[in-house]
Amino acid sequence: MSELNDLQHHVLAFYLAGHGNELSITDRWYPRGELVMIIDDKISVAVRKFGRKARAATKAAAEAFVGRLIDEGAWSTKANDYGGTMHQFHLDAYRKSLKAWQDSDPVIAKARAGGEGYWE
């Protein structure tokens with residue numbers, strides 16, 4: 001995740017390692033900006049216990065999250081009648097992408113090795 005700084009990466013990894021497992025989004029079409037707002041809110045709630053700095057990093061984390069999952073097909077993409085692009089969530093594809101992401105993320109690997117106290 002080279003587009004994210006260290007704090008943003010940790011915020012995203014915290015979400016991916018825990019709350020991301022519970023994500024379910026209504027089966028309808030969304031513009032990318034709305035998806036980013038939804039995920040930003042979910043990440044913000046997940047990291048609120050870490051304070052303002054962590055919450056300030058959620059927008060970039062949400063952008064990276066949505067971008068990667070669109071690229072991997074966890075959200076399908078179609079052009080709408082007005083020239084925009086819309087995306088639809090697919091739970092099974094999301095779970096596969098999330099698992100692969102969790103298994104390959106170095107921060108999550110450190111957290112797993114560090115035990116319960118890592119995120120504190």
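This is a predicted model: local features need pLDDT of at least 70, side-chain atom pairs count only at pLDDT 80 or more; totals for chains, interfaces and linings use all residues.

A: Gladly! Residues are numbered from 1 along each chain as its sequence is written, and side-chain values use heavy atoms, with hydrogens and water left out.

Q: How many aromatic pairs does a search of the whole structure find?
A: A pair of aromatic rings is described by the distance of the centres and the angle of the planes. Rings of Phe, Tyr and Trp (its six-membered ring) pair if their centres lie within 6.5 Å; planes under 30 degrees apart count as stacked, over 60 as edge-to-face and the rest as tilted. Here the search finds nine aromatic pairs. Phenylalanine 14 belongs to helix α1 (residues 6–17), and tryptophan 119 to the segment after α6 (106–114), 105 residues apart. Helices are DSSP runs (H or I, at least four residues), numbered from the N terminus.

Q: Which aromatic pair is stacked?
A: Phenylalanine 65 and tryptophan 101 are stacked, at 5.9 Å centre to centre and 25 degrees between the planes. Phenylalanine 65 lies in helix α4 (residues 58–71) and tryptophan 101 in helix α5 (residues 91–104), so the pair ties together parts 36 residues apart in sequence. Tryptophan 101 is buried too, with a relative accessible area of 1%.

Q: Which residues of the largest nonpolar core touch the most other members?
A: In soluble globular proteins, nonpolar side chains tend to be buried together. A nonpolar core is a set of buried Ala, Val, Leu, Ile, Met, Phe, Trp, Tyr and Cys residues joined through side-chain atoms within 4.5 Å. Of its 35 residues here, Leu12, Ile39, Ile43, Phe65 and Trp75 touch the most other members. Helix α4 gives the largest share of this core, seven residues.

Q: What does the charged end of lysine 78 sit over?
A: A charge sits over a ring if NZ of Lys or CZ of Arg is within 6 Å of the ring centre and within 35 degrees of the ring normal. For lysine 78, that ring belongs to tryptophan 29, with the charged end 4.6 Å from its centre.

Note on methods. Helices (H or I, at least four residues) and strands (E, at least two) are DSSP runs, numbered from the N terminus. Buried means under 20% relative accessible area, exposed over 50%, partly exposed in between (1.4 Å probe, protein chains only).
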